Amino acid sequence: MTKPSLPDLLHAAVSAVGGTERPGQVAMAEAVAEAIDDNSHRLIQAGTGTGKSLGYLVPALAHGERVVVATATLALQRQLVERDLPRTVDALHPQLRRRPQFAMLKGRSNYLCLHRLHEGAPQDEEEGLFDQFEAATPTSKLGKDLLRLRDWADETETGDRDDLTPGVSDKAWSQISVSSRECLGATKCAYGAECFAEAARERAKLADVVVTNHALLAIDAIEGAPVLPQHEVLIVDEAHELVSRVTGVATGELTPGQVNRAVKRSAKLVDEKTADALQTASESFERVMELALPGCLEQIPEDLGYALMSLRDAARNVISAIGATRDKSVHDEDAVRKQALAAVESIHSVAERITNGSEYDVVWYERHDRFGATLRVAPLSVSGLLREKLFEDRSVVLTSATLKIGGDFNGVAASLGLSAEGVEGDDVPAWKGLDVGSPFDYPKQGILYVAKHLATPGREGTRGDMMDELAELIEAAGGRTLGLFSSMRGAKAAAEELRGRIDNPILLQGEETLGELIKAFAADPKTCLFGTLSLWQGVDVPGPSCQLVVMDRIPFPRPDDPLMSARQKSVEEHGGNGFMAVAATHAALLMAQGAGRLVRATGDRGVVAVLDPRLATARYGSFLRATLPDFWYTTDRNQVRRSLAAIDATAQADGK
């Protein structure tokens, strides 16, 4: 039997989802197939509308070996498992003569834990477990959420939190879920045979395609204990997010509240002397944290160092003592011990990491008005980790609409631990970059307008000229505006000011769930939606409801961001340009993602307006603009108002 050709398979898959075959999609599929065949690596930039999911799924399914697909967002995971994969498998079945299996796999805490549900959650004040359903007032929000979870537990086939609609608060979910450290293990748990997380792992072991998230991919790489099944091919979608997700997983934190809970959970499981030592260390740490001021700790202060060493040593002794403890008077003893061990081990690992000190770690204090001080430690870079753990023993394809920064792939490649394209060596993974473009005609569909006449934004204070400009642009556009702000404070200030000045309804992130806000924004073209970070990447509203995307300023990292500042300084110490490598690259990625909200379909028209003159006047402006879609560019404020008014008039004439 002759092997079906890739073009034939792609054609069948595209027809099945009701799509249109794009040249970029064909080029992408061929590049993915080549990487799989050669056991090599690819960075592929595929613009919005390319159909990149099918561009990698078709060659992956045709390959026949197990493939892991890791994505950053829940929305794309759902789209792959609920829509793209079922249709693609059905479409390819006649030609492949087999029906590839697929499964979703997430971290353990994403699944309902039947043991926690039926036996209770840990109680901090006393030994044993308590019934969270009895403890929560039935009329309270938490009580209602817990009752709904108990009912859902009888119906759900997956136990996956994301299948629960509407969702519940993190606090409610924590009452019926466990982390991998807290899990008893299927063989020791009375509910092991019915465990949702174990069932998901078993499905993944049998699947040809396993869809997971960046965080689980990072855990699999960092912790050394394999979570994902063996696989020949790894495809990382939304790859521009990978470094920040891996950094998040590799970041440790300590708070007085967290330490206090560990003390209470372990106190009754060890002898009095061991418990008292951890209690004393906890109190010393709390005193230090009460005086902590936000900022980076280039050296660990003496008082903090002593407190951390005491915590580390006391936690180590508790871990040893718990391991040897047996007390049948404690209800559900194994679970209580496991919960306590997990809490104390977490304290020990972070305290030891900071105490040992590493030139490759950044340590800092954060302070929150409500929760007090937090001590954090994060890797200065994850590039070495990714180079070592990601690219060995498998073919890796990384794809996103935004991988070329300032015109080439080398910036993103460096953050992933790769050398410049074309550089080869014994311990340097070789890779190729491919930009398959976009099916959209950006110069005809969109305008990039920079408000060059405005004052340069400062760190503090309101920007009166910016507010005037924003109001005039929205009125010219007839609403239809997505406002992307670099801070929540800026978004709130603009919403408050403009609600009193213009007639258009203004929705503000945080006043309703993100899903509800986007739905309301899409439903009424006169409406505007203002918000911050998640809106820069999470809005997909094709058509006339989003014809003006406004960025209030270039989204550089905050100057007091400890991790970004440390990374910038490290680049400079090694002879590089820290500002361009860290701050400008961060801003370019975000701006490209934000500008990508404008054109989502071939009929879309509109303006991306940047209310920060530095995009036109600063030396780094051309670097940032080179990362954005190739819109027609202007700084003429009158021209852009006329264009917006014309776009609005056309939409109104079409009854939209």
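Gln445 lies in helix α18 (residues 442-445); helices are DSSP runs of H or I with at least four residues, numbered from the N terminus. The model is predicted: local features need pLDDT of at least 70, side-chain atom pairs count only at pLDDT 80 or more, and totals for chains, interfaces and linings use all residues. Residues are numbered from 1 along each chain as its sequence is written, and side-chain values use heavy atoms, with hydrogens and water left out.

Gln445 has a relative accessible area of 5% and is therefore buried (under 20% relative accessible area, with exposed over 50% and partly exposed in between; 1.4 Å probe, protein chains only). Contacts are heavy atoms within 4.5 Å. Residues up to four places away in sequence aside, Gln445 touches Phe440, Val599, Ala601, Thr602, Gly603, Asp604, Arg605 and Gly606.

Thr274 sits in helix α13 (residues 272-290). Its relative accessibility is 14%, so Thr274 counts as buried. Beyond residues up to four places away in sequence, Thr274 touches Asn317, Val318 and Ala321. Ala315 is 41 residues from Thr274 in sequence, and the C-alpha to C-alpha separation is 8.9 Å.

The largest nonpolar core has 92 residues. Such a core is a set of buried Ala, Val, Leu, Ile, Met, Phe, Trp, Tyr and Cys residues joined through side-chain atoms within 4.5 Å. Leu43 and Leu416 touch the most other members. Helix α24 (residues 578-595) gives the most to this core, contributing nine residues. Neighbours within four places in sequence aside, the contacts of Leu43 include Leu398, Leu403, Phe409, Val412, Leu416 and Trp431. Lys432 and Gly433 are also among the contacts of Leu43.

Notes:
Helices (H or I, at least four residues) and strands (E, at least two) are DSSP runs, numbered from the N terminus.
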